[in-house]
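My entries follow the structure.

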Amino acid sequence: MQVIGVLGGMSWESTQSYYRALNEGVKQALGGFHSARIAMFSVDFAEIEALQQQGDWETAGKILAEAAQAVERAGADFLLLATNTMHKVAPAIEQAIGIPLLHIADATAEQLKQDGITRVGLLGTRFTMEQDFYKARLQDKFGIEVIVPDESERTTVHRIIFDELCQGEVNDDSRQRYLKVIDHLHEQGAQAVILGCTEIALLVEQSHTYVKLYDTTALHASRAVARALGN
């Protein structure tokens, strides 16, 4: 079994979802007392979040690149960046390490392609919904059209992520707001909706809506387990 490198803490609430999913995936595949071999570095999210707000992606990239090097030194065979938004600095991380980075957008897009999805809605932080580092990868590399919520809805989605989910708060009123956004994306022709922030799955589950949802945390972890086990 290969060692799965995890660069987490952005936020720790979603990183614990990764830890659970990776171990449950290995146990399901191998049975018995088996669990995942994991090398993890968890950053202080307050530092990263401040840099996000300042738009200082270069400094954030340097911090995460150094953390990724620590994960590599700990014996990881490949790396998971346990966050959607910070894949904006994935190139800086990849340049700093000698092990592969398993990109979260690729893991998601591969499943979308397999399921025949060609037009998808995207929820996430404002950075993920508005900037090209995520959307363009789905569109240019995989030919998947991406729809995002309107300005007002993007503000709501972003606020709930940072003010509630990253603080460990899960509120039913916020869930209903998200479900309305999901319905609106579906009405615009989205065949499915990507939960493109690793915290969103803490709030919205498939049982809450008839619209097909793609949980990036679950898909990313599943791809990692398959790679670790040589599948």
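For the lining I counted Ala, Val, Leu, Ile, Met, Phe, Trp, Tyr, Cys and Pro as nonpolar, Asp, Glu, Lys and Arg as charged, and the others, Gly among them, as polar. The model is predicted, so local features need pLDDT of at least 70 and side-chain atom pairs pLDDT 80 or more, while totals for chains, interfaces and linings use all residues. Residues are numbered from 1 along each chain as its sequence is written, and side-chain values use heavy atoms, without hydrogens and water.

Cavity. I took a cavity as a set of points, on a 1 Å grid over the protein atoms alone, where a 1.4 Å probe fits but cannot get out; lining residues have an atom within 4 Å of a point. I found one cavity of 30 Å³ or more. The largest cavity has a volume of about 90 Å³, the space filled by probe spheres set on the points, which are joined across faces, edges and corners. Its lining has 15 residues, with Met10, Phe45, Thr83, Thr85 and Glu199 nearest the centre. I sorted the lining into seven nonpolar, seven polar and one charged.

Cysteines. I found zero disulfides, a disulfide being a pair of cysteine sulfur atoms within 2.5 Å. For Cys166 the nearest cysteine sulfur, that of Cys197, is 6.0 Å away. Cys166 is buried at 11% relative accessible area, and Cys197 is buried at 4% (buried: under 20%, 1.4 Å probe, protein chains only).

Leu229. I noted that Leu229 touches Met1, Ala29 and Leu30, not counting residues up to four places away in sequence (contact: heavy atoms within 4.5 Å).

Technical notes. Buried < 20%, exposed > 50% of the residue type's maximum accessible area, 1.4 Å probe, protein only. 1 Å grid on protein atoms, 1.4 Å probe; cavity = no way out; pocket = protein on both sides within 12 Å on 5 of 7 lines; lining within 4 Å.
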